Amino acid sequence: MKKIIIIGCGGHARSIIDSIESANEYEIAGFVDKIKSDKTCYRNYKVIGTDDDYKDLFDSGIRYACMGIGYLGKNSLRENLHNKLVSIGFEFPVIVDKTASIASDAVIGEGSFIGKNSVVNSKAHIGKMAIINSGSIIEHDCVIDDYTHIAIGAALCGEAHIGRSCMIGSNATILQTLSITDNVIVGAGSVVTRNITNPGTYIGIPAIKI
């Protein structure tokens with residue numbers, strides 16, 4: 001079985017494990033985090049290296065990696081780590097939980113994670129390294145650009161377009177055909193009723209910039 005490392009050892013990293021195990025395609029070698037430890041981090045998995053050990057882990061025969069770091073308000077961290085690991089030679093497979101519903105004509109980019117009970121409907125296009133978290137709905141013809149995080153329970157109505165490195169908060173709603181530019185945070189429970197053309201944080205019903 002192909003070995004894979006999980007980058008990070010926080011909550012999002014742990015939430016991915018069920019999805020990887022149930023697919024029975026990759027063997028989790030362990031976590032890579034800031035501090036190496038012999039202690040078990042989660043279940044039977046340990047932190048087997050730090051950011052300084054990626055090359056050694058690759059040379060040991062591990063060829064696959066999964067990003068276990070969520071948005072954290074610093075999406076550049078995920079992008080920088082992804083670029084670093086790709087330059088070494090790691091591949092980032094798409095991880096889809098067995099409970100997710102994915103249309104046969106949906107497109108999902110490298111390294112993206114599709115979480116529990118989420119829906120990705122017909123002709124949706126999800127870029128690389130995106131997070132489609134538990135219970136979120138990506139309706140038909142939606143476009144989600146690279147490195148964007150759709151949080152739990154968020155709903156994107158048909159033909160919505162979300163830019164690069166965005167965060168759509170828990171239970172937020174994006175109405176049909178709307179576009180959101182890059183580097184936007186939409187707060188939890190907010191409803192976007194018009195296009196967002198400027199980066200920033202938007203909250204409320206309707207969502208306005210703060």
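**Entry 1: a loop residue**

Between which two strands does the loop with K123 lie? I looked it up: K123 sits in the loop between strand 10 (119-120) and strand 11 (125-126). Here strands are DSSP runs of E with at least two residues, helices are DSSP runs of H or I with at least four, and both are numbered from the N terminus.

Before going on, I noted the ground rules. This is a predicted model, in which local features need pLDDT of at least 70 and side-chain atom pairs count only at pLDDT 80 or more, while totals for chains, interfaces and linings use all residues. Residues are numbered from 1 along each chain as its sequence is written, and side-chain values use heavy atoms, with hydrogens and water left out.

Back to K123. Most residues other than glycine have a negative phi, and most peptide bonds are trans. The phi of K123 is near 60°, a positive value in a residue other than glycine. Is K123 buried or exposed? I found that K123 counts as exposed, because its relative accessibility is 56%. The cut-offs I used are under 20% relative accessible area for buried, over 50% for exposed, and partly exposed in between (1.4 Å probe, protein chains only).

I traced T177 to the loop between strand 19 and strand 20 (179-180). At 49% relative accessibility, T177 counts as partly exposed.

Next I checked for a cis peptide bond and found one joining I205 and P206, with omega about -5°. P206 lies in the loop between strand 23 and strand 24.

**Entry 2: the whole chain**

How many helices and strands does the protein chain have? I noted three helices and 24 strands. The radius of gyration is 17 Å, close to the 17 Å that the globule rule gives for 210 residues, so the chain is as compact as a globular protein of that length. That radius is taken over C-alpha atoms, and the globule rule is 2.2 Å times the number of residues to the power 0.38.

Along the principal axes, the C-alpha atoms fill a box of roughly 50 × 35 × 30 Å. I also wrote down that 47% of the 210 residues count as buried. Among contacts between residues at least 6 apart in sequence, 28% join residues at least 24 apart; contact means heavy atoms within 4.5 Å.

**Entry 3: two sheets**

Strands of a sheet pair through backbone hydrogen bonds, either parallel or antiparallel. For the pairing I needed a rule: two strands pair if DSSP finds at least two bridges between them.

Strand 23 (200-203) and strand 24 run antiparallel, joined by two bridges. I203 has I208 as its bridge partner in strand 24.

**Entry 4: a buried valine**

I picked V120, which lies in strand 10. V120 is buried, with a relative accessible area of 1%. Beyond its neighbours within four places in sequence, V120 is in contact with several residues, including S101, I102, I126 and I138.

Where does the largest pocket get its lining? Helix 1 (11-23) and helix 3 (75-88) each supply at least two of the lining residues. On a 1 Å grid over the protein atoms alone, a pocket is an open set of points with protein on both sides within 12 Å along at least five of seven lines, a cavity is a set where a 1.4 Å probe fits but cannot get out, and lining residues have an atom within 4 Å of a point. Grid points are joined across faces, edges and corners, and a volume is the space filled by probe spheres set on the points.

The largest pocket holds about 290 Å³. Of its 16 lining residues, G8, D33, K34, I69 and L77 lie nearest its centre.

I counted one cavity of 30 Å³ or more, with about 40 Å³ of space in the largest cavity. Among the residues lining that cavity are H12, C66, R78 and F113.
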